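Here's a quick tour of a protein fold, written for someone new to reading structures. Have a look at the picture, then read on.

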Amino acid sequence: MKILIIGFGSIGKKHFIALKRKGFDVSICSKSFKKDKFKNHKLTVYENLEDIKKLDKFDMFIISNITVSHFSTLQFLDTNLQDKIILVEKPLFESYKDYKQSSNNKIFVAYLLRFHPVIKALKKLLSYEKPYFANFVCNSYLPNYRNDDYKNNYSAKEELGGGVLLDLSHEIDLASYLFKDLELLYSQNEKISELDISSDDFAFLALKGKNDEKVFINLDYFSKKLSRTINICTLKRSFKADLIKSYIKIYKKNGKVKKINFKNSTIKNLQALHKAVMKNDENLCTLEQGLELLKLTDKVKMRNG
C-alpha cells in the first residue's frame, strides 16, 4: 500500500513514524519539509498536491495540513480520485460545511482517542451499565504544546481554525462516541486567560443524551496542571478514566475500588487507527459524524458570538 501524507506538522510526523514502523511506502507533500531530520529515510517529497503526476498511484491519503486547508484538499482528492481511502485529521473543517461526498472514496476523520486503550476498555465496560452522568475534562497549557513560540502556532489563531473548541474536540467526539444523539443545553466559549492569543481558550458544554444522560465537557488552554479525565456514574458503579496516566478506576457502592492500568503509546494508537481505516472498522469517526460535530461546535460559537 502506498500512502501520501499531506502536511507535515506535529501530527503529520507522527503518522509518518507510525506507518514507517509497519513497513508502509510513505511519501510526503509539504512545502516546509526539512529533510535533515529524516535523513535516515528514503523519501519522496512533493511541494504541491496539484503537481504530483499519477496521483492515482497512492492507495491512502492522510490530510494533516492546516485546518483551514482541509476542505479544499479533501475536495480536490475526492473529485479527482476513485476507490481511495482518505483520512482527514481532526477537526474535519474549521466550521460546518455542506460537503457533498463523491461516493467514490472512503472518507474518515482521525479522532485518535477512540483507539486509546482506556477508551476501548471504557466503552466495553459501559455496554453492561446504564450511565446517567458524565464529565469530560481536558486541562492543558498551550505554551507547552510544541517547541516553537505558542503565539505563532495555528492553535493561537482564530482565523486558522485554532482554539480549544476545535483543537480539543477529541472530548466532544468521545462524548458523542460513548453517548448517542447529544443535544446541546448550555455552553460557554471564549478567551478568558492571560495567554496572548486570538482564539478561544475556554469551553464548557452541557448536553443531554438519547436516554436523558447528563453530559458535561470542560476544555481549556491555560491550566498549568495537565489532566485528561472522564468521570461517569451509572446505576451500579462509578468510573474514572485517566487518559494521560492510562488507567480506569472502578468505584462500587460498598466503597471498594478497582484500578486497571493500561500501556499507552500515541504511535501504537495511530497504528490501530490506520489498521481500522484499512479494514473500514465500525469504531472510526465517519465523515457524517465529523460534520455533525462541527454543527455542534458552530452552535456553541453562535451562542457565544
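Two strands count as paired if DSSP finds at least two bridges between them. Helices (H or I, at least four residues) and strands (E, at least two) are DSSP runs, numbered from the N terminus.

## Before we start

This is a predicted model, where local features need pLDDT of at least 70, side-chain atom pairs count only at pLDDT 80 or more, and totals for chains, interfaces and linings use all residues. Residues are numbered from 1 along each chain as its sequence is written, and side-chain values use heavy atoms, with hydrogens and water left out.

## The whole protein

Counting elements gives seven helices and 15 strands. Of the 305 residues, 51% are buried, meaning under 20% relative accessible area with a 1.4 Å probe and protein chains only (exposed is over 50%, partly exposed in between). Along the principal axes, the C-alpha atoms fill a box of roughly 65 × 40 × 40 Å.

## The start of the chain

Strand β1 (residues 2-6) pairs with β2 in the parallel sense, over five bridges.

How enclosed is β2 (residues 25-29)? Four of its five residues are buried, so the rest of the structure largely encloses this strand.

Strands of a sheet pair through backbone hydrogen bonds, either parallel or antiparallel. Here, eight strands make an open sheet with mixed pairing, in the order β8-β9-β10-β7-β11-β12-β13-β14. β8 (183-190) and β14 (257-261) sit at the edges with a single partner strand each, so one side of each has no neighbour in the sheet.

Zoom in on β12 (residues 237-242) and β13 (residues 247-252): these two run antiparallel and are joined by six bridges. Within that pair, F239 has I250 in β13 as its bridge partner.

## Helices on the sheet

α5 packs on the sheet and touches β7 (131-141), β9 (202-208), β10 (214-220) and β11, where contact means heavy atoms within 4.5 Å. Which residues of α5 are buried? They are H170, E171, I172, D173, L174, A175, Y177 and L178. That makes eight of the nine residues in this helix (residues 170-178), so to speak a mostly covered one.

Key:
Axes fitted to C-alpha atoms, helices over the stretch in contact; angles between N-to-C directions.
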